[in-house]
Amino acid sequence: MKTPQLDKRLLSHSLLMGYATLRRWCRRGETGFTLIELILTIVVTGMLAGFTAHLLTAGVDTYEYLNVRKEGLESSRMALQRIVKEVRQAADPTMIQKATPDSLRYLNIDNQSVQVRYANQSILLNGQVLIDQVSQFQLTFFNGDGTQLA
């Protein structure tokens with residue numbers, strides 16, 4: 001059997017018309033894939049793999065970011081609940097010893113001094129760290145009628 005030779009005219013025509021034209025020029029009964037089919041398959045597979053990898057890494061990055069954010073919110077919520085619990089133990093408003101935007105010191109119902117303060121990006125309760133890496137914290141004080149104290 002004689003192997004068919006592809007001339008330049010056939011090759012240029014097949015590149016212009018696509019792989020269907022090349023298969024039409026091939027002998028009947030030949031099996032396998034053409035070079036163009038293999039190249040197209042490799043290119044499409046590579047594009048799909050790149051797109052899938054990008055989606056997976058973006059999903060993992062988003063999960064990690066949200067997990068860190070959730071942990072920060074949980075820590076903040078627990079610290080604020082603790083502060084509220086401690087402040088509710090104040091004997092009465094006259095027992096407040098010091099009240100500034102970044103600290104509060106008062107006597108509780110057991111006549112013990114309690115201090116909440118913000119220092120060095122941490123919120124401290126009686127000198128112990130409740131939560132750290134706090135970017136901003138400010139206390140605001142109100143009268144019994146709801147007006148803000150100066």
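User: In this predicted model, in which segment does threonine 147 lie?

Analyst: The model is a predicted one. Strand β5 covers residues 128–132, and threonine 147 is found in the segment after β5.

User: Is threonine 147 buried, partly exposed or exposed?

Analyst: A residue counts as buried under 20% relative accessible area and as exposed over 50%. Threonine 147 has a relative accessible area of 39%, so this residue is partly exposed.

User: Which element gives the most residues to the largest nonpolar core?

Analyst: The largest nonpolar core has 14 residues, and Ile123, Val134 and Phe137 have the most contacts inside it. Two or more residues come from each of α3 (35–87), β2 (103–107), β3 (113–119) and β4 (122–125). The element that gives the most, with 3 residues, is β3.

User: What is the geometry of the aromatic pair formed by tyrosine 118 and phenylalanine 137?

Analyst: The whole structure holds 1 aromatic pair. The ring centres of tyrosine 118 and phenylalanine 137 are 6.1 Å apart and the planes lie at 45°, so the pair is tilted.

User: How many residues apart in sequence are the parts that this pair ties together?

Analyst: Phenylalanine 137 is buried, with a relative accessible area of 16%, and its contacts beyond four places in sequence include Leu80, Ile83 and Tyr118. Because tyrosine 118 belongs to strand β3 and phenylalanine 137 to the segment after β5, the pair ties together parts separated in sequence by 19 residues.

Technical notes. Residues numbered from 1 in each chain as written. Predicted model: local features only at pLDDT ≥ 70, side-chain atom pairs only at ≥ 80, totals over all residues. Heavy atoms only, no water. Helix = DSSP H or I, 4+ residues; strand = E, 2+ residues; numbered from the N terminus. Buried < 20%, exposed > 50% of the residue type's maximum accessible area, 1.4 Å probe, protein only. Core = buried A, V, L, I, M, F, W, Y, C linked by side-chain atoms within 4.5 Å. Contact = heavy atoms within 4.5 Å. Phe/Tyr/Trp six-rings, centres within 6.5 Å; stacked < 30°, edge-to-face > 60°.
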